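The sequence and coordinates are shown first.

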Amino acid sequence: MPPISFRLVLLGALLLAPLRAEIEFTGIFVTSKQSQFALTEKSSGETVWRKIGQSFGGAEITDYDAKGDTLTLRQDGTTLRLRLKDAKVKTARVEIAGTFSLGPTENTEVIRGTLVFDQENIFPLSEGLVCRVTPSLRPDGNILYRAFFEQTGPDGKVEKLSTPSIIALPHTPFSIRIGDLGFSFTPKPLSSP
């Protein structure tokens with residue numbers, strides 16, 4: 001019979017396996033006001049944004065290590081550390097920094113956000129207001145950013161407020177503005193995984 005320590009490690013691994021297999025850490029949105037983290041439930045593909053102290057899939061987010069891009073979750077007394085999911089290829093993700101303009105006087109400074117190419121990236125900006133951005137790498141090396149702002153009213157009805165698109169050179173600042181809503185971003189060079 002294996003020693004007791006081996007059996008405890010094996011039991012811990014078996015208990016962690018369902019949680020590890022179900023949740024992925026897929027995005028970061030750090031502003032001057034708050035930090036939010038995208039968690040994706042693998043089987044359904046559902047992605048939600050959560051803050052430290054909030055839960056997803058029965059697991060509570062307890063810590064974020066920016067240096068290691070690692071999110072710590074706790075479920076039923078078990079701790080799980082999830083690294084930010086790597087893009088499949090080095091150019092499949094771009095990081096941005098900049099500003100969201102939410103009205104004539106309200107700006108949110110984006111310290112760090114992740115955008116995955118050819119996927120819709122959802123950034124929660126304020127209560128009921130989100131920006132959805134889908135970047136695509138074009139054959140000429142430029143990036144097409146398709147975006148729209150979406151507002152959910154008190155009755156739960158969702159309204160698209162604008163649908164701007166722009167083509168920009170990689171690592172070149174760009175901005176989009178429709179009325180009082182807009183954003184200005186500077187893509188950051190990709191860092192080595």
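## Basis of the description

This is a predicted model, in which local features need pLDDT of at least 70 and side-chain atom pairs count only at pLDDT 80 or more, whereas totals for chains, interfaces and linings use all residues. Residues are numbered from 1 along each chain as its sequence is written, and side-chain values use heavy atoms, with hydrogens and water left out.

## The chain as a whole

The protein chain has one helix and 16 strands; these elements are DSSP runs numbered from the N terminus, with helices being H or I of at least four residues and strands E of at least two. Of its 193 residues, 42% count as buried, where buried means under 20% relative accessible area, exposed over 50% and partly exposed in between, with a 1.4 Å probe and protein chains only.

The chain exposes about 10800 Å², of which carbon and sulfur atoms supply 54%; accessible areas come from the Shrake-Rupley method with a 1.4 Å probe, and for residues only the protein chains shown count as cover. Among contacts (heavy atoms within 4.5 Å) between residues at least 6 apart in sequence, 36% join residues at least 24 apart.

## Nonpolar cores

In soluble globular proteins, nonpolar side chains tend to be buried together. A nonpolar core is here a set of buried Ala, Val, Leu, Ile, Met, Phe, Trp, Tyr and Cys residues joined through side-chain atoms within 4.5 Å. The largest such core holds 25 residues, and F100, F123, L125, F149 and F183 touch the most other members. Two or more residues each come from β8 (93-101), β9 (107-116), β10 (121-126), β11 (129-137), β12 (143-152), β15 (174-178) and β16 (181-188). The largest share, four residues, comes from β12.

Leaving aside residues up to four places away in sequence, F123 touches I28, F29, W49, I96, F100, T114, L115, L129, V130 and C131. Another core, of 16 residues, lies apart from the largest one and includes I28, V30, F56 and A59.

Strands count as paired if DSSP finds at least two bridges between them.

## Strand β6 and its neighbors

Five of the six residues of β6 (residues 70-75) are buried, and the strand is mostly covered. β5 (residues 59-65) runs antiparallel to β6 and is joined to it by five bridges, with Y64 and L71 as bridge partners.

On its other pairing, β6 meets β7 (residues 78-83) over six antiparallel bridges, and R74 stands opposite T79. The hairpin of β6 and β7 has two residues between the strands, and D76 in the turn has a positive phi of about 50 degrees.

## Two residues with positive phi

D69, although not a glycine, has a positive phi of about 50 degrees. This residue is found in the loop between β5 and β6 and is buried, with a relative accessible area of 16%.

H171 has a positive phi near 60 degrees, again in a residue other than glycine. H171 lies in the loop between β14 (165-168) and β15, and at 44% relative accessibility it counts as partly exposed.
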